Amino acid sequence: MSVVWLAPMALAGLALLAIPIAVHLLVRQHSRRVEFPSLRFLLPSQLAAFRRRHIQDAWLLACRAAVIAAAALALAGPVIQSASRSEAYRARIARAVIVEPGTAAASAASAAGDAFVSKTFARDRLSDAIADATRWLEAQPPASREVVFVGAVRRGSVTAGDLRAVQASAGIRFVVAGGGLAGRDTQLSVLRSLPAGLMIEQRQVHFEDDSTRVTAGATTAAASDLVRIVAAPADQPLADAALRAVLGEGLRWHDPTQRVLIAWDGTDEAMVQRAVTGATLVRMPRPDPPSTAASALAVAIEQVTSAPTGVMEPVRIRDEQLQAWSRPPNGVPAEAPATDEGDRRWLWGLVLALLAIEHWLRRTTVVAVATAPVTEARVA
Amino acid sequence: MSRQHVVTSSELQSLRDLELVTRKTVEGLRHGLHRSPFHGYSAEFSQYRHYRPGDDLKYVDWKAFGRTDRLYTRQFRETTNLSALFVLDVSRSMDFPRGDGPLGASKFDLARQVTAILGTLVLDQGDAAGVLAVDDRPRLVPPRSGHHHLRVFLSQLANLAPAGGASLGDALKQAATVMKRRGLVIVVSDFYEDQDALPQVRRLARMGHDVVVVHILAREELAFDVGGAAEFVDLESGRTLMVQPSTVREGYTTAVQQWLATVHDTVTRDGMEYLRLVTGAPLEPALRRFLLHRRGGR
């Protein structure tokens, strides 16, 4: 067990011990003395009345000296380094918790754990949160440092570039909060060629974290001329075949009343103009090689018939990646003294207690003076 | 050691024409100016009383018998001398205010002056006077008469100096044993020990002594005109006390006045004489008034 002083210069304040001693001595030597026949009728004044050469004077002096000594020691900030305290000191950690917006507060609190000191950072941009957390960690007293990311950790929400901003001495840990991403549903309208003719089919799509489920729904008959394709006479058979293939698989068709006309390059313009009436014209080059005609046609059509669903496919960063990014914190620097802890608060408490005792002693002395002369001072 | 001047000759001469006479009858051994408690057969006619068998026939007033046909015996007032004992407080509390000032500067000086003056008057009129100095060790000069004793009396007074504490109550008990006959007891003190002393004073009065209480006080004690905080030192006990006079002056003076009234009432209630003397005040007029008052009460 040893004692470390946080502000050893304050120990010079012990020299102030000379003040109460000097005051006692000087008052004793320089106070005016008036010889009086009897103290019988001299009640002690309220402000300054005390018996000298009384044992309580010594206690009063000792108490005042103790007040100054305790105050000086408290200012010096002693740290008694016991084995248990050293062990606790080495185990302490400063933890910056970066919370993804929308994450439950309980998750952030549990992530802080039993940290010596912790703080939660919730910013709209992850880079801002990391910068603030880094600055905060650097300002903390000696301790292990760790940055904890709490959130859904979707793919793309955290990158290796973001993590490079975290100082090397700090550990990194991920806490996946929320127990998984929520599944989402959307509905698609698909134009499809069925044996009964051209139909609009409603499909229910359900997105899960790792799967997508599509359910076919009701079908309604669609106009046969919702989608047409025109091409040069030599290419028309290929175009028609490609359209049939596409309709056989189905096309996302957001508006059942929308009519589309696809015109391959090389088509007679007059014919195009005649056919386009009331339809959306989609021009496209003749697919080359011809085997890609169907897929090229599907892409071209869906550019005008599909609508954005607003649903992203929820993909979480893989655990292997999170594990690779994680790292343990460095320990508390061995050479750093435990300067942020101290036993000064106990000494300040002692100062307050001594002040109370000093007050009590003064009151006791005055009361004794006020009551004692009845018998003693009368002997004149 | 040179003999100190106890009392100035002018003070003594101014009072020499006054007789210290007692108001009460006192018992004495010699004929003098003072009334005897016994109705003896002396020169001064006192009163008639009915004849009782056994009375000396030479004191029967035959002329009265002729006029009234009744027998009366003449009684005479016998005069005798006075035995006075001065109980003088020489404790340290009397040594106030201290200093090398003129006569009468301190309470002790004033008390000694009063004792010397009254003692000289008593001895000059042929009576006996003694002094019991009260401090740690009471010292007694037994009451005697004569001019030689006057020198002894004054010499003993001159050699006294305030010292130690006073046990006035014990000293008054001793005075009761010294004064075997009823006489005059003059207690000169500041009476800070009044609770012990006053019962003994009353006891002396009940024993038939003519008791005079001379209460000696210093002007500074009454006015308490001390400025600024100071450490007050009890002259007898050495006990000290830090006092802010401005805050305690009113309470002090009130307590002192109550105390003085209590002492005065206690003394006069039992028919004793009370004389309060304060240092710095003219002594002669106060003593003259006191002696004239006692003579008038004769």
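1. Helix α4 (residues 105–112) of chain A lies across β4, β5, β6 (144–151) and β7 of chain A, and runs at about 160 degrees to β4(A). Axes here are lines fitted to C-alpha atoms, for helices over the stretch in contact (heavy atoms within 4.5 Å). Angles run from 0 to 180 degrees between N-to-C directions. Helices (H or I, at least four residues) and strands (E, at least two) are DSSP runs, numbered from the N terminus.

2. This is a predicted model, in which local features need pLDDT of at least 70 and side-chain atom pairs pLDDT 80 or more, while totals for chains, interfaces and linings use all residues. Residues are numbered from 1 along each chain as its sequence is written, chains are lettered from A and ligands numbered from 1 in the order in which they are written, and side-chain values use heavy atoms, without hydrogens and water.

3. The sheet in chain A is open, with four strands in the order β5-β4-β6-β7 and parallel pairing (at least two DSSP bridges between two strands). β5 (117–121) and β7 (171–176) are the edge strands; each has a single partner, so one side of each lacks a neighbour in the sheet. From one strand to the next, the twist averages 20 degrees. Five bridges join β4 (residues 93–99) to β5(A). In one of the strands, β5(A), S118(A) is the bridge partner of R95(A).

4. R95(A), E146(A) and R173(A) are linked in a network of salt bridges (side-chain nitrogen of Lys or Arg within 4 Å of a carboxyl oxygen of Asp or Glu). E146(A) to R95(A) has its closest N and O atoms 2.7 Å apart. E146(A) sits in β6 and R95(A) in β4, so this pair ties together parts 51 residues apart in sequence. For E146(A) to R173(A) the closest N and O atoms are 3.1 Å apart. That pair links β6 to β7 of chain A, 27 residues apart.

5. Buried means under 20% relative accessible area, exposed over 50%, partly exposed in between (1.4 Å probe, protein chains only). E146(A) is buried at 6%, and R95(A) is buried at 10%. R173(A) is partly exposed, at 29%.
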